[in-house]
Amino acid sequence: MVVEAQALGATSNDGKVTESTDAIAELGRQAMTEMHATLRLLRADGDTPELSPQPGLGQLDRLLEQLRRAGLEVELTVEGQPRQLARGVDLSAFRIIQEALTNVVKHAGNASAQVTLSYQAHEMTLTIIDIETGSPAVILKQPSDGHGVIGMRERATLFGGTLRTEAIPSGFKVTATLPYAPTTS
């Protein structure tokens with residue numbers, strides 16, 4: 001992905017294309033770094049692996065900015081009073097949003113996205129909506145068709161939360177609830 005994005009950017013005279021492909025390449029490099037860190041963890045022979053901090057909602061603005069540079073119009077709304085989350089819940093919230101937005105880029109073609117973080121008394125709700133803005137897009141119509149949706153669901157249920165996906169008239173909607181006090185399953 002990184003090589004393809006860089007190759008496309010190198011062959012374009014359009015600054016916007018180059019900027020978008022640079023952002024895609026950077027996202028790919030970050031994913032590879034995280035994958036390598038995970039593999040080092042799995043292959044450690046009793047050595048203390050070097051660990052980099054896992055992302056959380058504190059890095060959400062950075063993720064959204066990268067997606068914007070890649071050409072996705074994305075809007076963030078925060079409802080309620082943000083609070084400190086348990087590390088696993090914070091990581092899961094970030095990854096669910098990241099995966100849902102990746103699916104918008106991957107499946108929705110010409111779309112924009114709305115992300116809402118809603119902090120309630122005992123749980124938070126994440127709502128990610130893709131809004132088709134041009135010609136009809138190819139979107140994920142069946143939740144069971146993608147590993148990304150399965151991964152999002154696993155992240156939510158790991159902490160006693162839920163995940164719901166649905167096609168809506170304007171595109172596709174992902175809604176996840178995550179309790180503040182996780183009940184591991």
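Me: How do helix 3 and helix 4 lie to each other, roughly parallel or roughly perpendicular?
Reply: In this predicted model, the axes of helix 3 and helix 4 (residues 87–107) cross at roughly 10°. Angles under 35 degrees count as roughly parallel, so helix 3 and helix 4 are roughly parallel to each other. Their axes come within 11 Å.

Me: Nice. Which residues make the contact?
Reply: Helix 3 brings Leu 60, Leu 63, Leu 64 and Leu 67, while helix 4 brings Phe 94, Ile 97, Gln 98, Leu 101 and Val 105. By class, that is eight nonpolar residues, one polar and no charged ones.

Me: Which residues of helix 3 are buried?
Reply: In helix 3 (residues 60–69) they are Leu 60, Leu 63, Leu 64, Gln 66 and Leu 67. Seen down the helix axis, these buried residues fall within an arc of 155°, so they line one face of helix 3.

Me: And what does the face turned away from that buried side carry?
Reply: There you find Asp 61 and Arg 62, which are exposed.

Me: What follows helix 3?
Reply: Gly 71 does, and its phi is positive, near 110°.

Me: Which way do strand 1 and strand 2 pair, parallel or antiparallel?
Reply: Strand 1 (residues 73–79) pairs with strand 2 in the parallel sense, over seven bridges. Val 74 has Ala 113 of strand 2 as its bridge partner.

Me: What about strand 2 and strand 3?
Reply: Strand 2 and strand 3 (residues 123–132) run antiparallel, joined by nine bridges. They form a hairpin with three residues between them, and Thr 116 has Thr 127 of strand 3 as its bridge partner.

Notes. Residues numbered from 1 in each chain as written. Predicted model: local features only at pLDDT ≥ 70, side-chain atom pairs only at ≥ 80, totals over all residues. Heavy atoms only, no water. Buried < 20%, exposed > 50% of the residue type's maximum accessible area, 1.4 Å probe, protein only. Helix = DSSP H or I, 4+ residues; strand = E, 2+ residues; numbered from the N terminus. Arc of directions from axis to C-beta. Axes fitted to C-alpha atoms, helices over the stretch in contact; angles between N-to-C directions. Parallel < 35°, antiparallel > 145°, perpendicular 65-115°, else oblique. Contact = heavy atoms within 4.5 Å. Nonpolar A, V, L, I, M, F, W, Y, C, P; charged D, E, K, R; others polar. Pairing = 2+ DSSP bridges.
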